[in-house]
Amino acid sequence: MRQEEGVWYRLDVVARSVSPFFVTLLLVLLGLVPLRIADLSPIVPALALIGVFFWSVHRPYLMPIWAVFLIGLLQDLLIGSVIGPGIIGLLIAHALVVWQHRFFLAASFAVIWCAFMLVAAAALAATWLLNCIAMLSYVDPAPLFFQYLVTMAFYPCLAWAFLRGQRLFQR
Amino acid sequence: MNKPTGSEIRVASPLKAWASRFALLLLVGAAFGLMLIGRTNTFVVEETRTTVTDMVTPILDAISQPVDTFSGVIDRAESFTRLSADNEALKAQNARLLQWQAVARRLEAENAALRSLNNMVPDPKLSYVTARVVGDPGGAFVRTVLINAGERNGVAKGQAAVTGNGLAGRIAEVGQRSARVLLLTDINSRVPVVVGAGRDRAVLAGDNTNAPQLLYLGPTAKIQVGDQVTTSGHGGVFPPGLPIGVVSGVSERGFRVKPFVNWAHMEVLRIVDYELPGILDFEAQVGAARAAAAAAAGTEQ
């Protein structure tokens, strides 16, 4: 009996520790669903970036750097763009958060949101630059700018959902 | 679990910081390596991509169905509000189209008669595979969609993808049960076209905007806004005469084309299988030769 409890306990621990990774993978998939709304397609929010940033801030040990790499790789493969720029964008976001982890420890939600604006700008700019280099052509950055704004607007909604989920887990 | 003592932390944290910095450099390096591999060895990248896409497509298929249903309900509600205006417009259009039908029938008969007089080689027959659009990556860098049909449904690389309105793109990658369609508007899309009544040849090139542009127009080409753009059939990939769009405007770089396809409502795509008769005949000949050889080997034994 005791042993069975041990197995369930361990399964529970494993499920908790891999959930950020799999939820972010799910976000990558959700970003691919066609929404059938005119002119929305070029400016869909960068959901994976939100996931990676959120867990790098709140549960850094559950979002290790190799997980960020895998998420970026899957995203680039599925989007059909050049492989690499998206990965580097996510790695930059993760590295910036890890570098300033002391700052995030005491930060309020609004401050974290502001920090996300800076981190996302750096990540998306790097992705854009590397894509231009890899495709050897100038890609109009205007849709990317709107994508950035939409991502900003989406952050509080997703962060709220993640925080609710976390509390549910902790109970 | 044992709690780490103070001295352990003092030794561990610089080590940890060093290891994490090393991991970051290693993975960024790996990402750059993948970028290079993507440029030099496209086959491996394509294989990996189609495998991943194949795995994900059933999930996307399931998720996208309720979205489609929801968007269908909204469309219906919208169409109810303009029912009578639509009805009037459609009646007028129907009257006009009936006249066009008569003209088209007459021209079709005349065309058939002239073709038979000239012993013209018939155009190859077209067959279609119909597939649902299950994925739209979006973003600033690509204009592609994923469909839920692949090699096992007869989809092959290079085939044209059309909607009821006109050409949408071509098949760029094929997996077993999924395929990626490169839309006309993608920065990598190039389609040979003819423009207007003068049938001027050009190449329609996408640049990730909604209106692709016409390249390599001849110096004598006379093009006006509103001219029809159709596939030319050059290159033998697309059947000639598929409608694409109309010339919508002139920018400083050249002419822009507005495609007929409604990108927001592209729920279903038809993949046109256009086989040149020469290739088919060749395959049939090879098949016949093989059968004959096998029969000969059988009689020898």
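1. Helices α2(A) and α6(A) are oblique to each other, a label for angles that are not under 35 degrees (roughly parallel), over 145 (roughly antiparallel) or 65 to 115 (roughly perpendicular). The axes of α2 (residues 47–58) and α6 (residues 109–135) of chain A cross at roughly 130° and come within 11 Å. Axes here are lines fitted to C-alpha atoms over the stretch in contact, with angles from 0 to 180 degrees between N-to-C directions. Helices are DSSP runs (H or I, at least four residues), numbered from the N terminus.

2. On the α2(A) side, A:Leu49, A:Phe53 and A:Val57 make the contact, and α6(A) supplies A:Ile112, A:Phe116, A:Val119, A:Ala120 and A:Ala123. Contact means C-beta atoms, placed from the backbone, within 7 Å.

3. This is a predicted model, where local features need pLDDT of at least 70 and side-chain atom pairs pLDDT 80 or more, while totals for chains, interfaces and linings use all residues. Residues count from 1 along each chain as its sequence is written, and chains are lettered from A and ligands numbered from 1 in written order.

4. Chain A averages a pLDDT of 88, on the predictor's confidence scale from 0 to 100.

5. A:Ser137 sits in the loop between α6 and α7 (142–170) of chain A. Beyond neighbours within four places in sequence, A:Ser137 is in contact with A:Cys132 and B:Ile187.

Notes. Helix = DSSP H or I, 4+ residues; strand = E, 2+ residues; numbered from the N terminus. Contact = placed C-beta atoms within 7 Å.
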